Amino acid sequence: MSRVFGLLVLVLLMGLLIYLPADTGTGVPPLSMLLGFLLLVGFVLGKIGNNIGLPGITGYLLAGMALGPSCFGILDRESVGDLQLINSFALALIALTAGGKVSLRKIYERLRSFYAVVCGQVLVTFCGVLVSMTLLLDLLAEDFVAGVPSRFVVGLLFAVVALANSPSSTVAVIVETGARGRVSEMVLGVTIVKDLVVIVAFAFALSIGFTLLEVGSGAGSSYFMAGMAWEIAGSIFCGVLIGLGIIAYMVFVNAEIPVFIIALSFISSKASSLLGLHPLLVCMVAGLVVNNLSRRGREFIEAIEKGSLPIYVVFFAIAGADLDLGVIAGTWELVLLLVASRSIFTWLGTWAGSVAGGEEPVVRENLWLGFFAQAGVTLGMAVMVADTFPGWGTTFKNVVVGSIAVFQLAGPVLFKYSLARAGELPSPLKFSAQ
Amino acid sequence: MAESTQTVLLILLVTFIALVGGRFYRGRKGSPPLFRVTTLAYLALGLALGGQGLGMLEQDMLDNLEPVVGLSLGWIGILFGLQFEIKRLRRFPPKFFGVTLFQSLFTVATLGGMMYLALGWFTPGGGGSLWRALLLIATVGAISSPAETVLATSASGGVKRKLARLVHYISSLDSFLPVVIFAFTVGLYHSRTGGGIVPALEWTAVSALIGLALGLLFYSYARHRHSENELAMIIIAFTVFSGGIAAYLDLSSLFINVVLGVVLANLLPTSERIFRVLVSRERPILIVLLVLVGANWIPFPQGRLVTVAALLAIYLAARVLGKAVSVAAARPFLREELTQGGWAAGLALLGQGGMSVALIANYQLLFGGAADTMAVSVVLCAVVLSEAFSAYAARCVLAGNDEEGG
């Protein structure tokens, strides 16, 4: 109760600061004031969420949405843009943690099942969403696109987008809850592998779009494919290098870890964008290398986790503020269709994969609930489509943004629920017994 | 890449290199704490990258890093304020607090008086900026650092002896008065009211009220059971937020956070945990602050090497005089602690540390990097010199009182 009271007082104080002094120069609150306010509101909503059984990140997202341009507007578009520097730093750390949570040994031990789930999801979700979106587009939005090739390309892109998951949301829930077990391992491992698959699939889908719709020149398509190949191969190579560098640092220097972490995350994320690499993939691969090649590296990942809370609050609060909720109003039928088809086929694909992989019933029943969250990668693809195909590309982006809003809010809640059902959340009793 | 991004990258990279270098430097065993140059190393790094060096950290870039400076100032401010837990202070004789205040006030007055004459002589026509520079010099000079006492007594297993205990007490708390005077100075030169004693008092009161309000808010957040990670999160959020408020209203971030820390120390039963979290993460924050202050540093404004050297010599003499005379004057009240005469006991208070640098950073943040460059240069040089020799001085004083750590 006192948290809510504290929150109200904080909001009142912020309101007084913003609206009372009429002679405060430009009257624009400094970025640090907005960031501090966002952190505090996000933290309180996260704790309130925890108290009613929701994951903290749902609270952080809601805080961002409430304070962002779509709602109260305390953070305008420009401020959200200014916060992207901090956001990229946070994303790098989250990706390092995500990679660092994956044990290749454990995946190798049950490789067949792992492959089966990945293949099941990719095939069933992809085909299912492709067919349903292509066929139903005409019924729901006649003026969206005209002609069979266009509808097919749109359906194809929706299908690829539907495959993507959010490694950041997944790892945030795992770190926050301290979950351990088959479901959490599978969800994180499959999410990371699918991230790679999605990048490749998106490259192919765009190339098909270029060809069928005759956008740009023929060389544009091959140029694009080459770019994607560089992005993937370069990201993996760069990630391995960074991972080895981290191990070397931990073995030979092992000092001032917090500063090292901060410097590394900034450098890796900015170097990735300068070299045209995929920052998320670079850091995930680095985390994977660190965790699986050295015990000292694992200490590094644990050090990140120890100070991870501010990172998650900042990242998800900014993500919430960045969501444009206004677009849902204009495209709600298509958003609903995408949400429904993705949900149904994700469930079907995961179930089929886990049955084929010989997973236990408890995994079969709960695994699918961990694959709903979507975030940055999906949004990045939608923006690219909007830039590439002016006209229907913008509507496409709005539909995807709408579905991200739904999945970003519901995904972590469902994942936490699945972990609880699978008995992977540490109970207070277990802690005291230890 | 945006300029601010480049700046952040650069600073972090340099800091990282400095840290790694520092690691190897510190690795040598048996170095006596007689000549320490840690502050100088990081200031020099900032200087090398700033406008006076390679020119990589331009003023515009430094201005973009206001949230980082705000975070650092808030961190140091809360850390200092948390030491004012009345219950804990009552364990010490009340005369300690009196001596601390007297010593602080006397040093401010001595430094202010002597430097007024010196600045008037060497930099005539300073006008309003002369007074502002004078207040900076006097407040920074009055601050001591407890690190030197700790170093001097480290081999004896901590601060257990009577003079060492007194010196540690004074050096831990004597920043209070300078921080209050600084907040008043900020009010005096406030951009929106144009100066004057009454507005200055009003702005100081506003700062104190904001600190109080934020302290109560912090209390409402932190009174629940929290993990260390969550406490760090709350501290970061509040320091960034209060730094933003201070920047928005042109107030001293340091003072606001000191008040916040005092409120927490006396309201929150678990304030010790917050103190531990702050201490455990203080080092990287201080290093970044040093680099930023160094980047704004102009060691010899307009090439006036002789002027800076002369002012520095007078400043150091005034500081030594202020510290030594103030403690010597309090001898009648300190018979138990000063068993061997103790005329020079004040020399154990010559160290300057994080709080001095924070005050300078706050000054640069509020009045611009190029403001009163002569004064900033003198106090920074003094901080470096004090750090180099103060541990040795503290050790000599304690040895003279038969309390040497070994």
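1. In H11(B), the buried residues (20 or more other C-beta atoms within 10 Å of their own, C-beta atoms being placed from the backbone) include B:Trp203, B:Ile210, B:Leu214, B:Phe218 and B:Tyr221. B:Gly211 and B:Gly215 are buried too. This is a predicted model: local features need pLDDT of at least 70, side-chain atom pairs count only at pLDDT 80 or more, and totals for chains, interfaces and linings use all residues. Residues are numbered from 1 along each chain as its sequence is written, and chains are lettered from A and ligands numbered from 1 in the order in which they are written.

2. Helix H11 (residues 197–222) of chain B has 26 residues. At 1.5 Å a residue it should span 38 Å, and its end C-alpha atoms are 37 Å apart, which agrees. The expected span is 1.5 Å times one less than the number of residues.

3. H10(B), residues 176–188, reaches 18 Å between its first and last C-alpha, close to the 18 Å expected. It is largely enclosed by the rest of the structure, because 11 of its 13 residues are buried. Among them are B:Phe176, B:Pro178, B:Phe182 and B:Thr185.

4. The axes (lines fitted to C-alpha atoms, for helices over the stretch in contact) of H15(B), residues 282–295, and H17(B), residues 354–367, come within 10 Å and cross at roughly 50 degrees. The crossing is left-handed (near helix turned anticlockwise from the far one by less than a right angle). Residues that meet there include B:Leu286, B:Leu289 and B:Val293 in H15(B), and B:Val357, B:Ile360 and B:Gln364 in H17(B).

Conventions
Helices (H or I, at least four residues) and strands (E, at least two) are DSSP runs, numbered from the N terminus. A residue is buried if 20 or more other C-beta atoms lie within 10 Å of its own, exposed if 12 or fewer, and partly exposed in between; C-beta atoms are placed from the backbone. Axes are lines fitted to C-alpha atoms, for helices over the stretch in contact, and angles run from 0 to 180 degrees between N-to-C directions. Two residues are in contact if their C-beta atoms, placed from the backbone, lie within 7 Å.
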